[in-house]
Amino acid sequence: MDEYRPMMSAERAACLREWQERAYRRGRRARQDVTYLGCELVIPPGVMPITPVSNLLGQAVLNEVGAGERVLDMGTGSGVNAILAASQGASVLAVDINPDAVTTARNNVRRNGFEDLVEVRENDVFGAVEGAFDLIVFDPPFRWFRPRDSFEMASTDENYAAMTRFFGEARTHLTPGGRMLVFFGTTGDLAYLLHLAEGAGFSHTVLAERESGDDAYFTYRMSLSAPRPSRGRGRLR
């Protein structure tokens, strides 16, 4: 496994650490009840909420997934991307290490009527995942700090251990011609994520991007072969 060293200036790394500290001190948010891309979601504190940039990945899932495909939603959180994939006719395995997220995802899958298409499991990276998938959806924690509790599990991955394992093992869980949708931004170590992806043999194409203040967020399609055209409406702005 690669030893993690930030691929950014010390000043930028310190800014991100302070940003995380401010977010932690603000404490847990209220429960979120939201309609998002046709999904009805209830998201408690401690599980990743829907954010102003969530649709960069959510819309890509709707554009990318084909009926009958097998999809893995890695780090499912509220279950939203698993539900979106199922709405396109895919069979989905949704996994998360956070027990609160697993419970939330199961409840949201049931709320939206996709119990027959989505299975939710508690899982650490690929530990409880068998077989290969046509599409893997991955929305990893952005920062490399150690989570202090379940509240931080959605946003921090100590030394990017889980992300490193993901890219090291992902190819064995893709069908021939399989691909991945990966969401990340400059509020994490984006250069390191791309370093891991390229080191594992994945090419990448930007499907969606958005600037927010001084930061930017991206949805990538990654594959072990040449990138292919999008089935959907392409890049979001």
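Is E21 buried, partly exposed or exposed? Select E21 and look. This is a predicted model.

**Stop 1: E21**

Show the helix around this residue. E21 sits in helix 1, which covers residues 10–26. A polar contact of 3.1 Å links the side chains of E21 and R148. Next, pick S155. In sequence, E21 and S155 are 134 residues apart. In space, their C-alpha atoms are 12 Å apart.

**Stop 2: I83**

Move to helix 3 and select I83, which lies in that helix. I83 counts as buried because its relative accessibility is 1%, and the cut-off for buried is under 20%. What does I83 touch, leaving out residues up to four places away in sequence? Display C39, L41, N108, V109, N112 and F114: I83 touches each of these. Then draw a C-alpha to C-alpha distance from I83 to M8. It reads 35 Å between I83 and M8, which are 75 residues apart in sequence.

**Stop 3: helix 2 against helix 3**

For the contact, select L57, G58, V61 and L62 on helix 2. On helix 3, select N81, L84, A85 and S87. Colour the contact of helix 2 with helix 3 by class: five residues are nonpolar, three are polar and none is charged.

**Stop 4: helix 6 against helix 7**

Now show helix 6 (residues 161–169) and helix 7 (residues 190–199). At what angle do the axes of helix 6 and helix 7 cross? They cross at roughly 25° and come within 9 Å. That angle makes helix 6 roughly parallel to helix 7. Helix 6 passes helix 7 in a right-handed crossing. Which residues make the contact? Helix 6 supplies M163, T164 and F167. Helix 7 supplies Y192, L193, L196 and A197. Colour this contact of helix 6 with helix 7 by class too: six residues are nonpolar, one is polar and none is charged.

How values were computed:
Residues numbered from 1 in each chain as written. Predicted model: local features only at pLDDT ≥ 70, side-chain atom pairs only at ≥ 80, totals over all residues. Heavy atoms only, no water. Axes fitted to C-alpha atoms, helices over the stretch in contact; angles between N-to-C directions. Helix = DSSP H or I, 4+ residues; strand = E, 2+ residues; numbered from the N terminus. Parallel < 35°, antiparallel > 145°, perpendicular 65-115°, else oblique. Left-handed = near helix turned anticlockwise from the far one by under 90°. Contact = heavy atoms within 4.5 Å. Nonpolar A, V, L, I, M, F, W, Y, C, P; charged D, E, K, R; others polar. Polar contact = N/O pair within 3.5 Å; in protein donor to acceptor, adjacent residues only side chain to side chain. Buried < 20%, exposed > 50% of the residue type's maximum accessible area, 1.4 Å probe, protein only.
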